[in-house]
Amino acid sequence: MSNPFVRIVEPLDPKQPLKKFFNLRKLEDVRYARLPFSIRVLLEAAIRNCDEFLVKKGDVENILNWKVVQHKNVEVPFKPARVILQDFTGVPAVVDFAAMRDAVKKLGGDPEKINPICPADLVIDHSIQVDFNRRSDSLQKNQDLEFERNKERFEFLKWGSQAFKNMRIIPPGSGIIHQVNLEYLARVVMDQDGYYYPDSVVGTDSHTTMIDGLGVLGWGVGGIEAEAVMLGQPISMVLPEVVGYKLLGNPQPLVTSTDIVLTITKHLRQVGVVGKFVEFFGPGVAQLSIADRATIANMCPEYGATAAYFPVDDISIGYLIQTGRDKEKVMCTKKYLEAVGMLRDFKNSSQDPDFTQVVELDLHTVVPCCSGPKRPQDKVAVSDMKKDFETCLGAKQGFKGFQIAPDRHNSIVKFNFEGCDFELAHGSVVIAAITSCTNTSNPSVMLGAGLLAKKAVEAGLTVKPYIKTSLSPGSGVVTYYLRESGVMSYLSQLGFDVVGYGCMTCIGNSGPLPESVVEAITQGDLVAVGVLSGNRNFEGRVHPNTRANYLASPPLVIAYAIAGTIRIDFEKEPLGINASGKMIFLKDIWPTRNEIQAVERQFVIPGMFKEVYQKIETVNKSWNALYAPSDKLYTWNPKSTYIKSPPFFDGLTLAPQTPKTIEDAYVLLSFGDSVTTDHISPAGNIARNSPAARYLTSRGLTPREFNSYGSRRGNDAVMARGTFANIRLVNKFVDKQGPQTVHFPSGETLDVFDAAERYKQAGHPLIVLAGKEYGAGSSRDWAAKGPFLLGVKAVLAESYERIHRSNLVGMGVIPLQYLPGEDAGTLGLTGRERYTIIIPEKLKPQMNVQIKLDTGKTFHVIMRFDTDVELTYFHNGGILNYMIRKMAS
């Protein structure tokens, strides 16, 4: 290799030959020591994969002058060491790969060039739903139903694992992608092809950032971008700013990692970190376990950063050993990191790098809290929850309001469940779920929940039988230590039986509520509540019938389940009254930090991790029995409603087409702020009156067989009809929530898909208007693919979340952004105008372009293609078209 930045070091392992590692500098270069650790990993990856990068551009010296180069738009072609996928995003990725093979063959190329060239692990974790709960056989019944619903998808994925090299499938029932990555897949340091180098990863799930808690640089990308990475294309990105987040002090005894991350999420949303790295430092980091750090890194998408990085330290090394990694390899990892100056000591301030900006948090100031009722960043102290919810009831419809008339705030609806009479009111808890890798990866909060359950049962407390309780761990290790420590039986007595190993309630796979509960909620128009230990609570995500959803730690999920309502002040009101008439308060059963740590030390041991993970790929007998064809080209079944060859490459030619001006486009939808990817492309329930439901019915399916939007991402006909199908969608053209819009030529109000079809048939291009944070939330590529199929040529927004903007670029949809200080209001835009977007012949990154309206008004906006590589994708009609042409030629 010609790269002058490769250096030879002494053997780190006497049994191994000399190893090479990559270095940007002489070890004594003080400028390198001022670089944030996350930037060091990023640049090591860039230089390892791209010899000509920096050397040719002469940017090495500039980048070492970190303070000089931060705002200079230096482009970095980042090639991560690994890619991870989950099945909701993995199925469409494999569908695209299969279709790309067909397209390359049609263009005269070798279809087998469409093949991952870096390791890709796909974990099936998004398909299982909470159909059964509160019974000893819930796990088996949910898993059986998962296979019944998803057999065709699973067979397709198994075909993919055989047809493509470097693709490994982790079968259903194994755990959640990010927890499996943390506990098993992550290497921290790669040892391949004669080189040591830092582990790095991108994933088709926004919470891929969880692995940053272990010192592996990673973040979520759309499936489109991940496919290109798997085919060898680097991610072209502007060298990011890095916000240093300094942690000080010690957490209070009653505070959990969940409370810390919800506090940080609110803080960093206020700071503004979209498109930036956040790197944690300071003595407070040394007080956090790797599980605590992973919890904080997991919710990085909720505070909007690209990555939330904790450099590797001795606690990281200890975690590798605790989770059963090979001790010799771990010691080599430590020696390598010491040799290249990348092993962090958080108590040593002389190691603190230069950051773009520094913000601080004293961990001692964090108090127990939740977030909600509609966004993760809306933190509420537990002591204020009752008052805050009651304020939200009457407040104007919005992120913190439900607009319930004052005379209805205390409405009560009586109902019967399993022969007993109960009452529901505003604030009644109907879903209580210990779910999500965010928290189930953390033994301290899981054992804390178990110990609280034990004390609650011993105190005589119960959970009302109509509340949908569930426990869905992120790996089998969790069940192992909960069982061995003796707390699992108490969790079960309160209704928190293990219902499956997967994302479940966190992603909206919460399953049905009892009919009598739904009828009561509907009858009283009640603001019913879901409480979950997840990372997202956007409208319509958790369940259609829970208008308020709160994120909370696992112990608090149990506490609110026992209380049965969110309208409780734990300090003044009892959780319940036992059979002896004694009032039991939360403080009476809350376990101390010392109690939890003692149990954790005794029962969370390396042997558990080794035993669970050594059989992870073969333990599922249903998966082992699946048949998959061995053909390299996929044989599409025209009758399938799950797997369909997409139309993205129809008519593709070897030569790209010159982008043209978009003329007289109609506005399909006009939005306000914080439109999420859940609004754009929902993952959960397919409503029976929706265009997708009508399509599936026409194919002979009954509502019981609809499954979810997420499970049907391999079928573009369903997903196009499911675009903008969220029941909580707020479109300024329509005076009520719902997935409808105005078709302006006729003046009719139609379902969004039906309106888009009319526009398409008449040959009219479309655009979407939006406010701030457009595309927040999941990394789902269908939030870009869907609008593309509807005929949307561009989106005009005040700002974008990073992953969604990248996905729009990947599909050839133009992301336009208002100039600073301008928006639809200042420009007087109603959305009823027709828009002509002038596309110049010569384009450059982030250039201003002109928009002309049919009213005669003109204004300029920023075309958000941020790099030259993104412009190349645009000229090709998207990143996948570019890759097909590249492979075919």
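Modeller: A residue is called buried here when its relative accessible area is under 20%, exposed when that area is over 50%, and partly exposed in between. With that cut-off in hand, and bearing in mind that this is a predicted model, we can go through the pairs one by one. A salt bridge requires a side-chain nitrogen of Lys or Arg within 4 Å of a carboxyl oxygen of Asp or Glu, and by this rule the count comes to 37 salt bridges.

I would begin with Arg 344 and Asp 352, whose side chains meet in a salt bridge with an N to O distance of 2.7 Å. Arg 344 has a relative accessible area of 3% and therefore counts as buried, while Asp 352, at 13%, is buried as well.

The pair formed by Arg 567 and Glu 390 has its closest N and O atoms 3.2 Å apart. As for cover, Arg 567 is buried, with a relative accessibility of 15%, but Glu 390 is partly exposed, at 31%.

For Lys 772 and Glu 798, the closest N and O atoms of the salt bridge are 3.2 Å apart. Here Lys 772 lies in the loop between strand E29 (766–769) and helix H29 (782–790), and Glu 798 in the loop between strand E30 (792–797) and helix H30 (802–810), so the parts tied together are 26 residues apart in sequence. Both ends are partly exposed, since Lys 772 has a relative accessible area of 42% and Glu 798 one of 21%.

Over residues 693–818 the chain is 32% helix and 18% strand, with the end C-alpha atoms 37 Å apart.

Finally, some of these contacts go beyond simple pairs, for Arg 805, Arg 864, Asp 866 and Glu 870 are linked in a network of salt bridges.

Key:
Residues numbered from 1 in each chain as written. Predicted model: local features only at pLDDT ≥ 70, side-chain atom pairs only at ≥ 80, totals over all residues. Heavy atoms only, no water. Buried < 20%, exposed > 50% of the residue type's maximum accessible area, 1.4 Å probe, protein only. Helix = DSSP H or I, 4+ residues; strand = E, 2+ residues; numbered from the N terminus.
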